[in-house]
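Me: I've got a new model open and want a quick tour. Can you walk me through it?

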Amino acid sequence: MSGTTDPVCTEPRAAARTGVCGEPPTAARGGPVSHTLARVARMHRIAMGRRLRELGLYPGQELMMMRLWDCGPVRQSELIQSLGLDPSTVTKMLQRLEQCGHVRRRPDPADRRAVLVEVTDEGLALRAGVEGAWEGLEELSLGGLAPADRAELARLLGLVAENLYEEAGEEGDCPPLPKSC
């Protein structure tokens, strides 16, 4: 290999519009759609992270709060299952949310070995902000797409998800709402 290196993409806005920085990496040339999906997912997570930071949340915490808003008090074990996350990840998220006053954990009166998680008034107050963050990012992400194009994109992405379902196995399951919902 010579002493020169490939140039780094110096036009990030152009790369965002096209989904690639010039040419995709040579190892990804056989999967341009997969490469673009990975870039879009990364940019979406970063953009949502910025919006959530304004609310005092980290990415992923809003998904937990959504479950709690929809379900009401739920056992921590059911929350772990419904989110499809590692128990230690959920425990850490709950610790942070509890320290901020957004959720509380208490023994389940029906089984004192189990822990119930519930949203506090402070946690309920986050709902409008989270809804606004998701709606705003949806509009930003889909700006310039006609309603029919948006519906078609949602349909196509649904097919992509179905195609990946078997490969993802249990980890790709759409987690069900807890039985208590």
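**Sheet first**

Reply: Start with the strand pairing. S2 and S3 pair in the antiparallel sense, over 6 bridges. Keep in mind that this is a predicted model.

Me: What joins S2 to S3?

Reply: A hairpin does, running through 2 residues.

Me: Which residues in S3 are the bridge partners of Val103, Arg104 and Arg105?

Reply: Val103 has Val119 as its bridge partner in S3. For Arg104 the partner in S3 is Glu118. For Arg105 it is Val117 in S3.

Me: And S1, how many bridges does it make with S3?

Reply: S1 and S3 pair over 2 bridges, again in the antiparallel sense. Arg75 takes part, with Leu116 of S3 as its bridge partner.

Me: So what's the strand order in the sheet?

Reply: The order is S1-S3-S2, in an open sheet of 3 strands with antiparallel pairing. Strand S1 (74-75) and strand S2 (103-108) stand at the edges. Each has a single partner strand, so one side of each has no neighbour in the sheet.

Me: Zoom out. How many helices and strands in the chain?

Reply: The chain has 8 helices and 3 strands. Along the sequence the pattern reads α-α-α-β-α-α-β-β-α-α-α.

Me: How much of the chain is buried?

Reply: Buried residues account for 26% of the 181 residues.

Me: And the contacts, what share join residues at least 24 apart?

Reply: Take contacts between residues at least 6 apart in sequence: 53% of them join residues at least 24 apart.

Me: Now the core. Which residues touch the most other members?

Reply: The largest nonpolar core has 23 residues. Met64, Met65, Leu68, Leu79, Leu94 and Val103 touch the most other members. Several elements each supply at least two residues of this core: helix H2 (32-53), helix H3 (61-71), helix H4 (76-83), helix H5 (87-99), strand S3 (111-119) and helix H7 (127-142).

Me: Is that what you'd expect of nonpolar side chains, buried together or exposed?

Reply: In soluble globular proteins, nonpolar side chains tend to be buried together.

Me: Pick one. What does Leu68 touch?

Reply: Leaving out residues up to four places away in sequence, Leu68 touches Val74, Leu79, Val103, Val117 and Val119. Val103 and Val119 are also bridge partners.

Me: How many residues of H3 are buried?

Reply: 8 of the 11 residues in H3 are buried, and the helix is mostly covered.

Me: Which ones?

Reply: In H3, the buried residues are Gln61, Glu62, Met64, Met65, Arg67, Leu68, Trp69 and Cys71.

Me: What comes just after H3?

Reply: Gly72, which takes a positive phi of about 80 degrees. Pro73 sits in the loop between H3 and S1.

Me: Pro73, buried or partly exposed?

Reply: Partly exposed. Pro73 gets that label because its relative accessibility is 41%. Buried would need under 20%, and exposed over 50%. Pro73 and Val103 are 30 residues apart in sequence and 9.8 Å apart in space, C-alpha to C-alpha.

Me: Switching to His35. Where does it lie, and is it buried or exposed?

Reply: His35 lies in helix H2. His35 counts as buried because its relative accessibility is 18%.

Me: On to rings. How many aromatic pairs?

Reply: The count is 0 aromatic pairs.

Me: Which charged end sits over the ring of Tyr58?

Reply: That of Arg96, 4.4 Å from the centre of the ring.

Me: Last one, H8. What span should it have, and how far apart are its ends?

Reply: Helix H8 covers residues 147-168, 22 residues in total. At 1.5 Å a residue, H8 should span 32 Å. Its end C-alpha atoms are 30 Å apart, which agrees.

Me: And what follows just after H8?

Reply: Gly169, with a positive phi of about 65 degrees.

Key. Residues are numbered from 1 along each chain as its sequence is written. This is a predicted model: local features need pLDDT of at least 70, side-chain atom pairs count only at pLDDT 80 or more; totals for chains, interfaces and linings use all residues. Side-chain values use heavy atoms; hydrogens and water are left out. Rings of Phe, Tyr and Trp (its six-membered ring) pair if their centres lie within 6.5 Å; planes under 30 degrees apart count as stacked, over 60 as edge-to-face and the rest as tilted. A charge sits over a ring if NZ of Lys or CZ of Arg is within 6 Å of the ring centre and within 35 degrees of the ring normal. Helices (H or I, at least four residues) and strands (E, at least two) are DSSP runs, numbered from the N terminus. The expected span of a helix is 1.5 Å times one less than its number of residues. A nonpolar core is a set of buried Ala, Val, Leu, Ile, Met, Phe, Trp, Tyr and Cys residues joined through side-chain atoms within 4.5 Å. Buried means under 20% relative accessible area, exposed over 50%, partly exposed in between (1.4 Å probe, protein chains only). Contact means heavy atoms within 4.5 Å. Two strands pair if DSSP finds at least two bridges between them.
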